[in-house]
Amino acid sequence: MKVDCLERMVVMAEEKVTVEIRKEVYEKARKFIEEQGGFNSVEELIEFLIEEVTSEGEGEAGLSPEDEEKVKERLRSLGYL
């Protein structure tokens, strides 16, 4: 799983696009990072969440039930679920 994440980060670092989100959501994400840690920036958190959500069901390095619950909890705390 760590190798997959590293490979994704390398690919993502090669090409970037701009995505606009509501300021309120951005501030929630920034506050979440300050309080919970685990991410270096809002962009890193958003990339992680999108990768996790869009890779569900693809069968690649699936999440354990515990990891899946952590992702869902993070999404809930950000107001996405």
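Helices are DSSP runs of H or I with at least four residues, numbered from the N terminus. In the predicted model described here, N40 lies in the loop that joins α2 to α3. With a relative accessibility of 72%, N40 is classed as exposed, because the cut-off for that class is over 50%. The C-alpha atom of N40 is separated by 9.8 Å from that of R30, a residue 10 positions away along the chain.

The overall architecture is described next. The protein chain contains four helices and zero strands, and its elements follow the order α-α-α-α along the sequence. Of the 81 residues in the protein chain, 19% are buried, a class that requires under 20% relative accessible area.

The packing of α3 against α4 was examined through the helix axes. Helix α3 spans residues 42–55 and helix α4 spans residues 65–77; their axes come within 11 Å and cross at roughly 125°. The crossing of α3 and α4 is left-handed.

Charged contacts were then considered. The count of salt bridges comes to seven, under a criterion that places a side-chain nitrogen of Lys or Arg within 4 Å of a carboxyl oxygen of Asp or Glu. One of the pairs is formed by the side chains of E27 and R30, with an N to O distance of 2.6 Å. Both E27 and R30 belong to helix α2, where a spacing of three residues sets them about one turn of the helix apart. E27 is partly exposed because its relative accessibility is 28%, and R30 is likewise classed as partly exposed at 34%. The residues E27 and R30 also take part, together with E34, in a network of salt bridges.

A further salt bridge connects K31 with E35, for which the closest N and O atoms are 4.0 Å apart. K31 and E35 are both located in helix α2, four residues apart, again about one turn of the helix. The accessibility classes of this pair are as follows: K31, at 48% relative accessibility, counts as partly exposed, whereas E35, at 55%, counts as exposed.

Another salt bridge links E69 and R76, with the closest N and O atoms separated by 3.3 Å. E69 has a relative accessibility of 40% and is therefore partly exposed; R76, at 38%, is also partly exposed.

A nonpolar patch on the surface is formed by V17, V19, I21 and Y26, which together present about 390 Å² of accessible area. Of these residues, Y26 is placed in helix α2, which covers residues 23–36. Y26 has a relative accessibility of 32% and so counts as partly exposed.

Definitions and conventions: Residues are numbered from 1 along each chain as its sequence is written. This is a predicted model: local features need pLDDT of at least 70, side-chain atom pairs count only at pLDDT 80 or more; totals for chains, interfaces and linings use all residues. Side-chain values use heavy atoms; hydrogens and water are left out. Patches are made of residues with over 30% relative accessible area and no salt bridge: like charges are joined within 9 Å, nonpolar side chains (Val, Leu, Ile, Met, Phe, Trp, Tyr) within 5 Å. Accessible areas come from the Shrake-Rupley method with a 1.4 Å probe; for residues, only the protein chains shown count as cover. Helices (H or I, at least four residues) and strands (E, at least two) are DSSP runs, numbered from the N terminus. Buried means under 20% relative accessible area, exposed over 50%, partly exposed in between (1.4 Å probe, protein chains only). Axes are lines fitted to C-alpha atoms, for helices over the stretch in contact, and angles run from 0 to 180 degrees between N-to-C directions. A crossing is left-handed if the near helix is turned anticlockwise from the far one by less than a right angle, and right-handed if clockwise.
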